[in-house]
Amino acid sequence: MEFLIFSKALYSTWIFYKPERLLFDAGEGVSTYLGNRIFAISSIFLTHGHVDHISGLWGIVNSRNNAMGDREKPLQVYYPRGNRAIEAYLDFISRANSDLRYHFREHPVEAGSKIFLRKAGSFERYIVPFKVKHTRDEISFGYHLIEKRSRLKPEYAGLDPREIAGLVKKLGRDRITENYESKILTISGDSMALPVEEAKGTHTLIHECTFMDIKERKFPNHVSIEELIPLIHEARPKRVILYHISTRFERRLKHYKEMIEKEFKGEDMEFHFVHPSKIFKL
Ligand SMILES: [Zn+2]
Ligand SMILES: [Zn+2]
């Protein structure tokens with residue numbers, strides 16, 4: 001399993017990304033559902049301070065203190081620097097749980113900063129927050145998961161393994177390879193359609209899609225599926241997961257999925273919709 005997601009617009013949203021043990025947002029019910037698996041979370045990334053994205057954080061912090069599990073592991077929480085609702089809530093949590101038996105660390109972060117996750121062999125992974133357009137007065141972020149890899153420089157790319165081994169000996173590995181970055185995952189948080197440059201080249205795009213019909217939208221704070229189609233055409237992710245869907249559309253999700261699959265027929269892309277009343281696993 002890669003993803004475990006619950007997302008019902010207005011009520012609760014959280015995304016557990018198992019390969020890196022990350023939780024993006026912490027809406028209500030998250031610790032109730034995850035149970036002992038809350039000990040599997042190493043870092044939490046909050047997109048913004050609306051209640052449906054943060055209200056489950058206290059439950060996680062408190063349950064990790066009292067449930068049976070490994071208290072040696074620290075828990076990190078990252079959030080947009082200057083987000084007042086999150087700061088006030090974190091302040092409340094730290095006062096209500098002033099005697100935590102594990103390390104709980106708060107990190108206000110800026111858009112564009114690199115948050116290191118891990119290094120393994122020739123690759124390194126980190127998170128990069130970016131600004132998104134949601135409500136006025138609310139600093140809101142989306143997050144990229146980026147992997148830095150190394151590859152042969154183009155002039156050596158066609159060589160056979162023996163020739164490469166010879167060059168490594170003669171010139172050293174660093175001279176014949178170059179680093180490049182690829183986006184593994186891009187999460188929009190609550191937002192209007194992301195700018196193409198943010199979504200471009202990402203493997204998995206998890207985009208909010210509160211509305212399936214733009215006529216139902218009163219304020220330009222959330223996206224409607226019509227606006228995502230041109231973005232997906234340009235950004236060309238391999239996999240799209242739509243979440244933060246309003247319950248008013250839940251009975252017709254099959255219809256919308258067929259519609260979008262028809263639009264991208266013949267493309268090497270897959271589409272998933274997070275049903276607003278069900279846990280999503282992938
Ligand atoms: Zn929301
Ligand atoms: Zn919101």
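Guide: Start with donors: these are N, O and S atoms within 2.8 Å of the metal (3.2 Å for Na, K and Ca), and since water is not among the atoms, sites may look incomplete. This is a predicted model, so local features need pLDDT of at least 70, side-chain atom pairs count only at pLDDT 80 or more, and totals for chains, interfaces and linings use all residues. Residues are numbered from 1 along each chain as its sequence is written, chains are lettered from A and ligands numbered from 1 in the order written, and side-chain values use heavy atoms, with hydrogens and water left out.

Visitor: What makes a residue a donor of the zinc ion (ligand 2), and which ones are the protein donors?

Guide: The atom must be N, O or S and lie within 2.8 Å. His48 (NE2), His50 (ND1), His134 (NE2) and Asp190 (OD) lie 2.2 to 2.4 Å from the zinc ion (ligand 2). They therefore count as donors. Their spacing in sequence is H-x1-H-x83-H-x55-D. Within this set, histidine 134 sits in the loop between β8 (123-131) and β9 (141-152), and aspartate 190 in the loop between β10 (177-187) and α7 (196-199). The two are 56 residues apart, so this pair links distant parts of the chain. Helices (H or I, at least four residues) and strands (E, at least two) are DSSP runs, numbered from the N terminus.

Visitor: Why is the site of the zinc ion (ligand 2) called irregular?

Guide: Four donors are tetrahedral if all angles lie between 85 and 135 degrees. Four are square planar, and six octahedral, if opposite donors are over 155 degrees apart and all others between 65 and 115. Anything else is irregular. Here the angles among the four donor atoms run from 92 to 168 degrees.

Visitor: Which residues coordinate the zinc ion (ligand 1), and what is the label of its site?

Guide: Asp52 (OD), His53 (NE2), Asp190 (OD) and His244 (NE2) coordinate the zinc ion (ligand 1) at 2.2 Å. The angles among these four donor atoms are 87 to 163 degrees, and the site is irregular. In sequence the donor residues follow D-H-x136-D-x53-H. Distant parts of the chain are linked here too: aspartate 52 is in helix α2 (residues 51-54), histidine 244 in the loop between β12 (239-243) and α9 (253-263), 192 residues apart.

Visitor: Which residue bridges the two zinc ions?

Guide: Aspartate 190 bridges the zinc ion (ligand 2) and the zinc ion (ligand 1). The ions are 3.6 Å apart.

Visitor: Why does leucine 10 count as exposed?

Guide: Its relative accessible area is 67%, so leucine 10 is over the 50% limit. Leucine 10 lies in the loop between β1 and β2 (12-17). Its phi is positive, about 85 degrees, although it is not a glycine. Aspartate 137 is exposed at 71%. Its loop runs between β8 and β9.

Visitor: Why are α3 and α4 called roughly parallel?

Guide: Angles under 35 degrees count as roughly parallel, over 145 as roughly antiparallel, 65 to 115 as roughly perpendicular and the rest as oblique. Axes are lines fitted to C-alpha atoms, for helices over the stretch in contact, with angles from 0 to 180 degrees between N-to-C directions. Helix α3 (residues 57-66) and helix α4 (residues 84-96) cross at roughly 25 degrees, their axes coming within 11 Å. α3 and α4 are therefore roughly parallel.

Visitor: What makes β7 and β8 a pair?

Guide: Two strands pair if DSSP finds at least two bridges between them. Strand β7 (residues 115-120) and β8 have five bridges and run antiparallel. Isoleucine 115 has isoleucine 127 in β8 as its bridge partner.

How values were computed. Buried means under 20% relative accessible area, exposed over 50%, partly exposed in between (1.4 Å probe, protein chains only).
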